[in-house]
Each structure stands twice: as C-alpha cells, then as structure tokens.
Amino acid sequence: MRILAAFAFSFAAAIFLTIYGGLDALLLPLGGALVVITLLLGLLVRRKSRARTRTMLILSGLAAGFLWTALYMAVFFQPAQQLDDRTVRLTAAVTDWPQEGTYGGYTVLVRADTEQWAKVSAILYVDEQGADLRPGDRVETIAHCTLGDRTFAGEAITYYTAKGIFLRATAYGRLEVERPDHIAPQYFAAWAARALKEGIDAAFPEDVAGFVKALVTGNRDSLTDEFTTSLERAGLSHTVAVSGMHLAFLAGLLTTLLGRGRRSAAVLTIFWVVLFCGIAGNTPSVLRAAVMILLLQFAPLLDRERDGPTALALALLLLLWTNPFSAAHIGLQLSFTAVAGILLVSDRVQDWLLRKLHMDGLRKPKGWGERLLRTAPYFVVSCLSATLGASVLTIPLVALHFNMVSLIAPLSNLLTLWAIGFLFLGGLGVGTLAVFLPGPAAALALPFVWLARYLQWVVDWLSKPALAALPLESVYYRAWLVLVYALLLVFVRTKGRRPVWMPLAAGLAALVLAVALTRASFYTGGLAVAVLDVGQGQSVLVRTGNFFTLVDCGGDSRDDPGDVAAGYLQSLGRNQIDLLVVSHYHSDHANGIPQLLNRVRVGEIALPDVEEDAPLRAAILSAAAEKGIPVRLVREDTRFALAEDRTVSVFAPVTEAGTTNELGLTVLAAVGQTEVLITGDMEQEGELRLVESIPLPEVEILVAGHHGSETSTTPELLETVQPRLALISVGQNNSYGHPSYDTLVRLDEAGAAIYRTDLYGTIEVQWKEN
C-alpha cells in the first residue's frame with residue numbers, strides 16, 4: 001500500500017509547487033516532460049528494482065499533479081475568469097444559508113451558471129432581499145462579478161479559492177427567487193446543520209451555546225473576538241475548527257458501542273462521518289480527517305490492512321484532486337502536518353514516557369478498579385504524546401502564518417482534551433435531541449453546561465500570562481525557534497545514549513535569554529518608541545524611562561489592534577500600560593481598545609472631553625468602568641511629571657469646533673532633550689493653531705499626522721519642530737492614497753528620515769543621548 005503513498009505525495013508536491021511557485025504557465029511542458037522521462041526510464045532501465053519503482057512512482061505522481069492542475073484550471077477556473085469584472089444576469093442555486101454582513105446586507109454561497117457547462121461556486125452579496133433565502137433556491141439577478149483570487153482593492157488572496165470559491169458577485173436591483181417543492185438530497189446536510197445549531201441554542205444557556213456550537217459544528221459566528229484570541233494564545237484554536245480530533249471522537253464512540261473490527265461498526269461510522277462532514281461545512285481540514293477515517297474503516301470491509309501514512313497520502317490526493325487551490329488553505333496544511341507529526345513522533349514519545357514511568361511492562365489489569373487507576377496516567381501520557389507529536393510540524397506553520405507560538409499549549413491540551421471530547425459528543429447528542437424534544441434535551445444538557453464553563457475558565461486563565469504565547473516580531477524569538485528545531489534535529493540524529501534533559505535545558509535557557517534580550521533592546525536609552533503595524537490605523541507605544549504610554553489603539557489589521565498592542569507589550573515580558581491616550585474617537589484610532597483592556601492592565605486613560613454622543617467614547621468609558629480604570633477627560637493641557645527630566649504632556653484640543661480630527665489630543669513625550677510628538681489625525685488648521693498656541697520644541701521623532709495625509713504635516717509644523725525621524729502609521733494598499741506624495745516630499749525637504757509601517761511593519765526606535 002505504500003506504493004500508493006509514494007504516488008499520492010508526489011502528486012501533492014506538484015500541486016504545492018504550482019500554487020506557491022507560480023508555475024501556471026509551465027504546467028503542460030513540465031507535465032509532458034515528466035511523462036517522457038518516466039516512459040524512457042521504464043524502457044531503458046530493464047532491471048526491476050525498488051529504486052527504479054520508487055523513482056517512476058515519484059515522476060508519474062509529479063506529472064499527474066502538473067497535468068491535472070492545468071486541466072482543472074482550464075475546466076473549472078477559466079469560466080470564473082471569463083466573468084471577471086463583468087456585469088451579467090446571474091442565475092445560480094443557493095447552497096447554504098445566508099449570513100448577515102458586517103456592514104448590512106447578506107452574503108450567501110451559490111453555484112452560479114456560466115456560459116460553459118461547468119458551474120462556479122460563488123459568494124453572492126445581496127441586500128435585505130436575501131434574508132429569507134435557503135439552500136435549494138434558484139435565484140436570478142443582475143450582478144457585477146469579481147474573481148475570488150483578490151480583494152476588491154486588488155490585493156492577491158487565497159482565502160476564497162482555497163475553499164473552492166472562485167467568484168464574488170454583487171447583486172443589483174431585484175432578486176428573483178424560485179423555491180423548489182422539495183429539498184434535494186445535496187442540501188440535506190445544510191438543513192441538518194441549521195437544525196443542529198438551533199437545537200444547541202434551545203438546549204444550552206446563552207453564555208455557553210456559542211462555544212458549544214463552535215465546538216460541534218466549527219461555526220464561530222457566536223464567539224467573541226476576545227474569546228477567539230484567548231483560544232489562539234492558549235493553543236486551543238483547533239478545538240473550534242472541526243477536524244480529525246472531532247471525527248476521531250465520533251468514530252471512537254461508535255466503535256465502543258458496536259465493537260472494534262465489526263463490519264456493522266465500520267458501515268455505521270462511514271455513514272455518520274459522511275453526514276457530519278456536510279454539517280461541518282466540508283472544510284478541507286474536516287474532509288482530510290473524513291477521508292482518513294473512511295479509508296481506515298474500508299480496510300476491514302475489504303480485508304486490507306490499516307496503514308496511516310497511506311491513508312494520509314490518499315486523503316491529500318483526493319482533496320487536491322477535487323480542488324488544487326486548497327493547497328493554500330492553512331487549515332488543510334495544519335491538519336495534515338499535525339497528523340503527520342503524530343504518525344512520526346507520538347508513538348515513540350509515548351513508548352519512551354511509558355518506559356520512564358515503568359508502565360510499559362505492567363500486566364493487563366484484571367478488574368475495573370485496577371483499570372480505572374491506570375486510566376489517568378495513561379491518559380496524561382497519551383495526551384502529552386499526541387500534543388507534542390502534532391506540534392512538531394505545526395509550530396513552524398503557525399509561526400509562518402500567524403507570527404506566534406503558544407508556549408502554554410501542552411498544558412492547555414492536558415487540562416482540556418478530556419473535557420473537549422465529552423463536550424463534543426454531549427453537544428452533538430443534546431443538540432440533535434433538542435430538535436425533537438427540547439425539554440428533555442435542556443435537562444440532559446446540564447452536566448455539559450458545567451463542562452463548557454470549565455473549558456471557558458481554563459482558556460481564559462491560561463491565556464492571561466504575558467508569555468503564554470510568544471509573538472515572533474522580535475528577532476531573538478525567531479532565533480530561539482530556529483535553535484529549538486536545530487537542537488531537535490541534532491537530538492534525533494545523534495546515535496547512542498541521548499539525555500533528554502540537555503536539549504530541554506538548552507532550549508529553556510535560550511528562551512530566557514531571548515526574553516531578556518528582547519526586553520533589553522526596548523529599554524536601550526531613556527526614550528523608546530514603537531509604531532505598531534495595525535494596518536490603516538495608529539497605535540504608538542512610548543517608553544519614557546520605565547513609564548509606558550500607549551497613544552491610540554485602532555486599525556484594520558488582520559488581528560484586532562488590541563491584540564497587536566497587547567502581544568507586543570507582552571513580548572517584552574510586561575503586562576501593564578501606565579497611561580493610555582486616545583487622540584480622538586475614530587475607529588482607526590480606538591477600535592482595539594476594548595480588547596486591549598481585556599488583555600493588559602491600564603493605569604489611567606486620557607480622553608478628549610468632546611463629542612459626548614460618540615459611540616466609541618461610550619464604549620471606552622463603559623469598558624474602563626467595568627475594569628475599574630480611572631479616566632481623565634482632558635479639558636486643558638495636562639503634564640505628567642515622571643522625573644526631573646522625563647515628562648509626558650497631553651495637550652487639549654486646540655479648537656472648540658471642527659471635525660473629529662481637529663478635536664483630538666496631542667502628545668509630547670520627553671526625556672532630557674529628546675522628544676517625540678504625536679498629533680493623531682490633526683490636519684492643517686489644527687496644526688496651525690497648535691504651533692501658535694503651544695511653544696513646541698524641536699523634536700527628534702515625529703509621528704506624522706493623519707497617516708501621512710496631504711492635509712497634515714504642514715510646512716509650518718515641520719519648520720517649528722524640525723524632526724530628525726518621521727514615522728508614518730499606514731496600511732498597505734489603503735484606499736485613501738496615504739501617505740501623500742506631497743507629504744513625503746515635505747518631510748524629505750525638512751531633512752527627516754522616513755519610516756512607514758506599510759513597508760517595514762512595526763517600527764522600533766530606541767534613542768540614547770550621546
């Protein structure tokens with residue numbers, strides 16, 4: 001069976017090379033050349049050998065991968081390309097329930113008709129007309145189509161194509177709906193998923209229903225951003241992304257009830273796994289797990305041996321055959337590397353731990369009491385082995401995609417894996433029962449409610465420590481991660497006796513050193529400034545001595561700006577901000593504050609005392625009151641004297657009327673003769689008033705106003721403060737055209753060195769007086 005594995009992994013390798021290597025134009029020549037080489041190898045090398053067979057399998061797998069990708073793109077992706085940037089009369093079949101959009105309207109997944117025979121999976125954006133759509137409906141409307149491989153701003157993405165969604169269509173005008181008389185079989189799973197979610201909502205209280213739904217179906221819509229972040233920091237995001245773990249729980253339950261090795265158990269497991277895949281949305285990660293479990297269940301039905309690597313390889317082949325673009329799906333990559341790590345590492349780790357604990361040679365327990373006493377240590381060993389095995393290959397991927405490594409994940413999994421299994425099965429059973437008998441289901445849910453609350457408490461508790469997760473923005477942390485894998489490689493390749501404590505001690509010592517160096521680098525000199533990369537927004541951390549001031553916390557970054565700021569602060573080994581200043585009440589400067597207050601302690605908040613009806617002002621005041629944080633409403637210039645030569649000055653709005661940008665606060669931080677000036681989104685009129693009303697000094701560092709807008713950073717301000725460094729917080733490819741070319745010219749003519757977050761990411765400056 002390993003013959004199939006060699007072919008399948010080679011097929012997958014060709015597709016990954018295509019997706020990440022940009023080989024689209026070379027697919028046919030590469031595939032054809034490999035076919036010729038394979039045929040020549042078969043004809044010229046007559047002697048049969050294992051090396052010859054393996055080489056031919058690898059070459060044929062690569063050839064098949066390249067050729068199939070070329071064919072797939074021509075047949076399935078080209079029809080979507082032909083609709084790109086066109087307004088057409090679109091007819092389609094609705095395949096899932098509509099989702100309410102963030103800014104109004106609805107999005108719904110459809111299968112759109114094209115001018116060719118192939119249908120295209122698409123996201124349809126509709127107004128309130130789409131609220132009552134349901135799977136199976138036929139719709140027709142005028143729509144403008146955009147290819148799914150880029151954002152509306154033109155930035156290349158793989159989010160949609162990796163899920164098999166090749167088109168996005170925005171509907172205009174009337175939406176004509178034709179509803180069938182009965183539900184077609186292909187939509188049963190979508191209806192079952194809807195019923196299961198409604199059953200969970202009916203049986204479980206509101207504070208846990210969202211978590212149970214996420215755990216059972218993978219739908220995270222009801223989870224708060226704060227809890228999602230806590231899951232990521234605790235290394236438990238996989239619990240709410242239905243994958244192999246969940247299907248293993250389901251298959252294990254059926255095997256326990258019906259007996260291992262019985263054909264009836266295999267048949268029923270196959271049925272439930274296929275149904276559950278549809279309920280969970282047929283994501284690449286759950287499909288990978290389903291294919292593996294199905295192959296392992298088909299083995300006894302066909303009188304074949306079970307083989308994990310072959311099942312994994314065939315699962316990968318089938319998924320990439322269905323959609324080669326899914327190679328870019330991070331869920332699929334993490335799922336496969338986790339299973340590969342378990343297959344390669346977990347059994348060895350488990351055997352080693354059992355030997356060290358002298359549990360490998362114990363006789364088989366006779367009674368239930370003795371069996372129960374052994375369950376706990378065996379469970380701990382099994383969980384730890386599986387966690388370490390899965391982490392070996394997934395940690396580099398997580399670091400690459402999310403720029404973070406959870407250090408507390410092994411402990412998190414030990415404390416939660418048992419409960420997750422019970423809650424998943426309980427939530428699935430109770431939710432299903434609630435569809436028919438909501439009253440008894442609610443009573444049956446009670447023990448699982450407490451289990452869900454226990455899990456939520458553990459997640460919240462374990463995500464709090466500053467170094468629960470390690471942000472990899474620091475070069476020292478990245479170097480530490482490389483060192484850990486180098487130590488692991490040396491340990492594995494070293495023959496003879498290999499003391500485990502040596503690489504563990506070296507890795508721990510290196511981590512302590514990396515934390516110390518990261519902290520020391522930001523503490524160099526009396527003044528340090530970090531302009532955080534929060535996309536199109538602003539969040540600036542200023543250290544004056546040991547006093548930390550954060551000016552603003554907002555933006556449109558992939559991660560919540562509050563998480564970005566908290567993560568950066570915690571990477572320094574610090575969990576507190578002394579002063580939070582909000583320049584003004586715009587989301588790109590303040591939408592991350594609620595999450596920031598959940599993650600770190602804040603000594604005091606300074607707000608402009610304007611716009612009393614501003615929603616963000618109310619939200620910040622409410623969050624501060626909940627956390628017991630004092631708030632200073634700045635009506636006049638305020639000076640925080642930290643030491644003889646260290647101050648933070650917060651200047652009140654320079655005008656009583658005007659736009660929100662002009663009604664903001666200005667911050668001037670100084671250590672000795674070194675100053676940094678932050679003006680928020682202040683524009684020309686405000687800067688002129690600022691220069692006239694306040695004796696501003698020459699500054700070393702200027703955070704350019706309004707993200708480098710043409711109407712900010714005026715010649716009058718630059719002539720007054722004469723900055724040596726200009727730092728611009730701005731998002732990549734933003735729709736505002738920031739920073740303005742004229743602003744960049746003015747800064748250059750003023751002699752300021754310019755650094756931008758869209759080009760350099762987070763900008764750090766440590767200033768030391770000579």
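**Burial, a helix and some salt bridges**

Analyst: Let's start with R138, which counts as partly exposed at 30% relative accessibility. The cut-offs are under 20% relative accessible area for buried, over 50% for exposed, and partly exposed in between, using a 1.4 Å probe and protein chains only. Bear in mind that this is a predicted model, where local features need pLDDT of at least 70 and side-chain atom pairs pLDDT 80 or more, while totals for chains, interfaces and linings use all residues. Residues are numbered from 1 along each chain as its sequence is written, and side-chain values use heavy atoms, with hydrogens and water left out.

User: Which residue meets the side chain of R138 in a salt bridge?

Analyst: A salt bridge here is a side-chain nitrogen of Lys or Arg within 4 Å of a carboxyl oxygen of Asp or Glu. For R138 the partner is D113, at 2.8 Å from N to O. That pair ties together distant parts of the chain, 25 residues apart: R138 sits in strand 5 (residues 138–147), and D113 in the loop between strand 3 (106–112) and strand 4 (120–126). Strands (E, at least two residues) and helices (H or I, at least four) are DSSP runs, numbered from the N terminus. D113 is partly exposed too, at 22%.

User: How many salt bridges does a search of the whole structure find?

Analyst: It turns up 18. One of them joins the side chains of D149 and R150, at 3.5 Å from N to O. D149 has a relative accessible area of 26%, so it's partly exposed, and R150 is partly exposed at 24%. Those two also belong to a salt-bridge network with D84.

User: Now the helix. Where does helix 18 lie, and how many of its residues are buried?

Analyst: Helix 18 covers residues 561–571, and eleven of the eleven are buried, so the rest of the structure largely encloses it. The buried set includes D563, Y568 and Q570. As a general idea, an α-helix has 3.6 residues a turn, so residues three or four places apart point the same way.
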